[in-house]
Each structure stands twice: as structure tokens, then as C-alpha cells.
Amino acid sequence: MASDHDSTRRGVMTALAALPLGAAAAANAQGGELRRQGSRTLVAYFSRSGNTRVVAGLIHRARGADLFEIQPARPYPEDYLETVAQARMETDSGHEPPLAATITAMADYDTVFLGFPIWGETAPPVVRSFLSGHDLSGRTLIPFITHGGYGPGKSLDVLASHAPKARLLTGFVMEMDQERRTMERVTSWLRAVSSHTAIRPGSSG
Ligand SMILES: Cc1cc2nc3c(=O)[nH]c(=O)nc-3n(C[C@H](O)[C@H](O)[C@H](O)COP(=O)(O)O)c2cc1C
């Protein structure tokens, strides 16, 4: 029969077993979460509406890679059009918004998969911030890019100029759903809803 001491010990061992993940996360990312499994491969991505996040998750699981979400210190507006306007201003002025978190031990990685959506025909400003804030010299850099139909634009030039000493490989580029299209369809449907007549007049359930 297990003593109280044994069960306490088991509890402590279970807690300790869970610790390395949390401890490594705290040690290697400043200000945000790095999902760390001790891999030499990092998947870092930025995603607003989730498309790029899906691709990042697939690479993360297929490669057993560490996973890091790039986020601005000040979140972009919820509103799509406000985000488009802010992104355009930041891109035009070359502004690199501060990040919510950075990777403190980039030296732990040989390979970085870097994912982002195309914003205004180029890489989003926070991706420039990420590249400027981390030394990718000597690392293999593999982009994965999602866009709404207009292709990768100038984003690959941005990677080349902001990580000049990385070994830049041909990445993955995919057209995915556009928030703009969803927003326009939903908005016009909602407008129509108010003028709809019931499908079965008189039926109140
Ligand atoms: C601010 C903003 C600007 C965008 N600009 C472009 C563009 O120039 N070309 C394009 O093909 N898609 C553009 N898109 C669409 C996104 O690139 C596309 O929907 C992408 O898959 C979104 O990825 P996410 O869900 O990971 O945020 C833009 C989206 C946003 C929010």
C-alpha cells in the first residue's frame, strides 16, 4: 500500500516532469510564449486571421519543431480596414513596431521556418521587426507565405535585405481565404437580413 510520503513524492515528480517545458519557455523567450521541445528547428510565424497559423502548426507537428508566434507589443485593431490603413502607414514609413516578445537564444537553432501573410504586397511590418531583432546569420531561413490572390509581392526581397547572412531557401507560397472577402460577404448579408421576410410567414416556432 502506498504511504502518504509516496503519494506526495509522486505528485512532486509529476510536477517536476512538467517543468522543463515551462522552464525552457521562460528561459528562451522574452515576454511571450515559445513552445519549446528542444529542437534545432524553429517555426516563427505571424498571423492575423489564422491562415498562416494553420500552416505553422502543420510544420511544427511534422518536424517536432519549436513554435513561436510573432506578435506586436500593441495589437493591431480588430477592424480589418483600420489594420489595412495602419499597415500601409507603417510600411510606407519603414516603421518596425516593437514586438511583444523576442527569442533570447536564437543560437539554439540551425533552421528557422518563417511564416507570414502578405500585407500590402510585402511582408508585414512586424516581420521586419522580427528579422531586425534577431541575428539569423548562418541559419537556414525557409519562408512560408499566405496571400489573398496577389502572390508574395516584394516579401522575398525583404527577407534578403533584413537577413542578409541567412541561407534563404525557396519557401512555400499559398493563396488562402481573404478576410476582406469574408467581411464584404458577411456585411452585405447582414444588411439584407434586416429586409428579409420569414421563409414560413406566420410560423413562430
Ligand atoms: C492588412 C492586410 C493587407 C493585405 N494585403 C494583401 C496583399 O497585398 N495581397 C494579397 O494577396 N493579400 C493581402 N491580404 C490578404 C492576406 O495576405 C491573406 O488573407 C492571408 O492568407 C492572411 O493570413 P492570416 O490569416 O495568417 O493573417 C492582406 C490582408 C491584410 C489583413
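In this predicted model, L67 touches E33, L34, R35, L42, V43, Y45, A56 and H60, leaving aside residues up to four places away in sequence. L67 lies in strand β4, which spans residues 66-69. With a relative accessibility of 10%, L67 counts as buried, because the cut-off for that class is under 20%. The C-alpha atoms of L67 and F113 are 9.5 Å apart in space, while the two residues are 46 residues apart in sequence.

The protein chain as a whole has six helices and nine strands. Of its 205 residues, 38% count as buried. Taking contacts in the protein chain between residues at least 6 apart in sequence, 83% join residues at least 24 apart. The accessible surface of the protein chain is about 12,300 Å², and carbon and sulfur atoms account for 55% of that surface.

The ligand takes up the space of the largest pocket. Helix α2 (51-63), helix α3 (80-93) and strand β7 (140-147) are the elements that give two or more residues to the shell around the ligand. There are 21 residues around the ligand, and those that come nearest are S47, S49, N51, T52 and T146.

| Residue | Part of the residue | Distance to a ligand oxygen atom |
|---|---|---|
| S47 | polar side-chain atom | 2.6 Å |
| T146 | N or O atom in the side chain | 2.7 Å |
| G149 | polar backbone atom | 3.3 Å |

On its own the ligand has 640 Å² of accessible area, and the protein covers 93% of this area.

**Q86 in helix α3**

Q86 is found in helix α3. Is Q86 buried or exposed? Its relative accessible area is 16%, so Q86 is buried under the 20% cut-off. Leaving aside residues up to four places away in sequence, Q86 touches Y76 and P77.

S155 is placed in helix α5, which covers residues 155-162. The relative accessibility of S155 is 0%, and S155 therefore counts as buried. A polar atom of the S155 side chain lies 2.7 Å from the backbone oxygen of P152. Beyond residues up to four places away in sequence, S155 touches F116, I118, E121, T122, A123 and I145.

One of these contact partners of S155 is E121. Where in the chain is E121 placed? E121 is in the loop between strand β6 (111-117) and helix α4 (125-133). At 52% relative accessibility E121 counts as exposed, because the cut-off for that class is over 50%. The contact between S155 and E121 thus pairs a residue that counts as buried with one that counts as exposed.

The backbone of E121 can be described as well. Most residues other than glycine have a negative phi. E121 is not a glycine, yet E121 has a positive phi of about 65°.

How values were computed. Residues are numbered from 1 along each chain as its sequence is written. This is a predicted model: local features need pLDDT of at least 70, side-chain atom pairs count only at pLDDT 80 or more; totals for chains, interfaces and linings use all residues. Side-chain values use heavy atoms; hydrogens and water are left out. Helices (H or I, at least four residues) and strands (E, at least two) are DSSP runs, numbered from the N terminus. Buried means under 20% relative accessible area, exposed over 50%, partly exposed in between (1.4 Å probe, protein chains only). A polar contact is a pair of N or O atoms within 3.5 Å; within protein, one must be able to donate a hydrogen and the other to accept it, and residues adjacent in sequence count only if both atoms are side-chain atoms. Contact means heavy atoms within 4.5 Å. A residue is near a molecule or strand if one of its heavy atoms lies within 4 Å of it. Accessible areas come from the Shrake-Rupley method with a 1.4 Å probe; for residues, only the protein chains shown count as cover. On a 1 Å grid over the protein atoms alone, a cavity is a set of points where a 1.4 Å probe fits but cannot get out, and a pocket is an open set with protein on both sides within 12 Å along at least five of seven lines; lining residues have an atom within 4 Å of a point. A molecule sits in a cavity or pocket if more than half of its atoms lie within 2 Å of its grid points.
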